Amino acid sequence: MDFSLSDEERAIRDTARQFIAKEVMPLEAEVLRRERKGQKGLERGELVELRQKAKKFGYWGLGTPEQYGGMELPALMQSLIWTEVGRTYVPFSFGGEADNILYYANEEQKREFLLPTIEGDRISCFAITEPGAGSDAANIKLSARQDGDDWVLNGEKTFITNGNDADFCIVVAVTDKEKGVRGGGTTAFLVDRSMGWRSEVIETMGDARPASLIFDDVRVPARNILGEIGQGFELGMKWIGRGRYLIPSAALGSAERALGMAIEYANTRETFGRKIGENQAIQWMIADSEVELEAARWLILRAAWTVDQDLDPRHASSMAKLYGGGMVNRVIDRVMQIHGGMGYTRELPIERWYRAVRLIRIYEGTDEMQRLIISRDLLRGYTKIGGHLA
Ligand SMILES: Cc1cc2nc3c(=O)[nH]c(=O)nc-3n(C[C@H](O)[C@H](O)[C@H](O)COP(=O)(O)OP(=O)(O)OC[C@H]3O[C@@H](n4cnc5c(N)ncnc54)[C@H](O)[C@@H]3O)c2cc1C
């Protein structure tokens with residue numbers, strides 16, 4: 001069993017690390033200042049400029065197939081790079097990517113939706129959640145009724161990331177009530193904003209600003225069906241599956257960076273005539289954080305490895321997201337505790353991380369849903385205790 005990185009893997013990871021340190025982290029103070037005035041941390045133009053700079057270093061489309069100009073990196077490498085991205089709280093990600101399910105588009109749709117999304121000329125959003133259907137995604141009600149060559153969409157989606165900025169939305173709608181959501185009764189549609197859906201921002205405790213999308217008799221031509229009629233829910237689950245190892249990968253970077261800050265503070269801050277790091281209470285918080293961080297790292301990398309082996313990654317990814325999300329929340333909480341009153345101020349970014357990482361336990365499958373998946377796999381015998389080593 002080899003836990004090391006090859007020279008090439010290390011070089012790709014380290015160059016990404018340098019890029020984040022040199023080009024992105026210097027923007028942190030300005031991002032905090034803007035966000036605290038209620039503005040966006042990074043304007044669209046600034047993000048595009050950063051992405052273009054990264055492209056010059058070869059970082060473009062981490063998971064995008066080479067035929068579309070991407071790096072087509074294995075999931076494991078993508079995970080390692082997302083950990084580097086997670087080290088900064090600047091809302092940055094490498095460019096050249098599109099939603100994984102846009103590759104189910106036909107050639108004409110690829111030209112209209114996939115390629116401009118990869119290039120960054122169009123912004124997409126993905127919508128399955130509704131006011132009455134979150135964890136229970138199979139309870140969606142937004143309907144699509146066929147009318148001649150068109151489909152007419154009615155209903156509401158909620159909590160949609162990028163929903164207020166998107167040029168088009170990938171919407172999962174009910175097309176056949178009789179068949180039901182799990183029985184092939186849903187379909188995914190590519191719906192331009194110009195077709196008439198409206199969005200309303202939802203303010204949150206973090207910097208995420210998802211939106212509600214309102215579909216009021218929105219007419220969509222049949223040529224905008226993504227994949228097959230009846231394939232909507234399946235595509236939706238594929239979209240969500242990708243985040244389940246990438247989200248904790250980024251969280252790992254945040255936890256590492258924050259723990260580094262806590263160690264530095266513990267080595268400099270003095271109380272009662274000695275460094276606070278000389279107290280066992282502080283030492284244990286640091287030790288527990290490091291252990292949990294490492295445990296999360298290997299769960300995440302195993303989930304990514306499972307994707308690369310073409311094995312079903314669901315079980316491993318659920319464990320990575322459940323544990324990684326809990327880990328980063330516990331680590332940031334300890335980092336704040338170690339910083340005392342300073343940790344609670346807005347002079348440091350810890351409170352920002354504290355608010356931001358809470359989301360990880362909620363979106364793209366709550367903690368409870370991950371537990372449901374993990375336990376059901378075991379109870380029904382789909383997975384053995386010990387996974388692929390069993
Ligand atoms: C910032 C943000 C961005 C998002 N982005 C997107 C997006 O881009 N696209 C999209 O489609 N959705 C998005 N979502 C929606 C997100 O995936 C849902 O909020 C999430 O799945 C939970 O659904 P819910 O909010 O309806 O909670 P509910 O399903 O109502 O759950 C409420 C609570 O009950 C628990 N619970 C529910 N059922 C059970 C059960 N059977 N057993 C035990 N506990 C249970 C849940 O775990 C949770 O703790 C986003 C959400 C947020 C907050």
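**Reading burial, contacts and the core**

Reader: Is Thr 383 buried or exposed, and at what relative accessibility?

Author: Thr 383 counts as buried because its relative accessibility is 18%, where buried means under 20% relative accessible area, exposed over 50% and partly exposed in between, with a 1.4 Å probe and protein chains only. This is a predicted model, in which local features need pLDDT of at least 70 and side-chain atom pairs count only at pLDDT 80 or more, while totals for chains, interfaces and linings use all residues. Residues are numbered from 1 along each chain as its sequence is written, and side-chain values use heavy atoms, with hydrogens and water left out.

Reader: Where does Thr 383 lie, and which residues is it in contact with?

Author: A contact means heavy atoms within 4.5 Å. Thr 383 lies in the segment after helix H11 (367-379), helices being DSSP runs of H or I with at least four residues and strands runs of E with at least two, numbered from the N terminus. Once its neighbours within four places in sequence are left aside, Thr 383 is in contact with His 315, Asp 377 and Leu 378.

Reader: How should I read Ser 254: where does it lie, and is it buried or exposed?

Author: Ser 254 lies in helix H6 and counts as buried because its relative accessibility is 9%. Not counting residues up to four places away in sequence, Ser 254 touches Gly 86, Arg 87, Val 328, Ile 332 and Trp 353.

Reader: How many residues does the largest nonpolar core have, and which element gives it the largest share?

Author: A nonpolar core is a set of buried Ala, Val, Leu, Ile, Met, Phe, Trp, Tyr and Cys residues joined through side-chain atoms within 4.5 Å. The largest one here has 62 residues, and those with the most contacts inside it are Tyr 59, Ile 81, Phe 92, Phe 94, Met 327, Val 328 and Ile 338. The elements that give two or more residues to this core include helix H1 (7-24), helix H6 (232-268), helix H7 (280-308) and helix H8 (314-338). The largest share, twelve residues, comes from H6.

Reader: What do the totals say about the chain as a whole?

Author: The protein chain has eleven helices and ten strands, and buried residues make up 48% of its 390 residues. Among contacts between residues at least 6 apart in sequence, 70% join residues at least 24 apart. Along its principal axes, the C-alpha trace spans about 80 × 50 × 40 Å.
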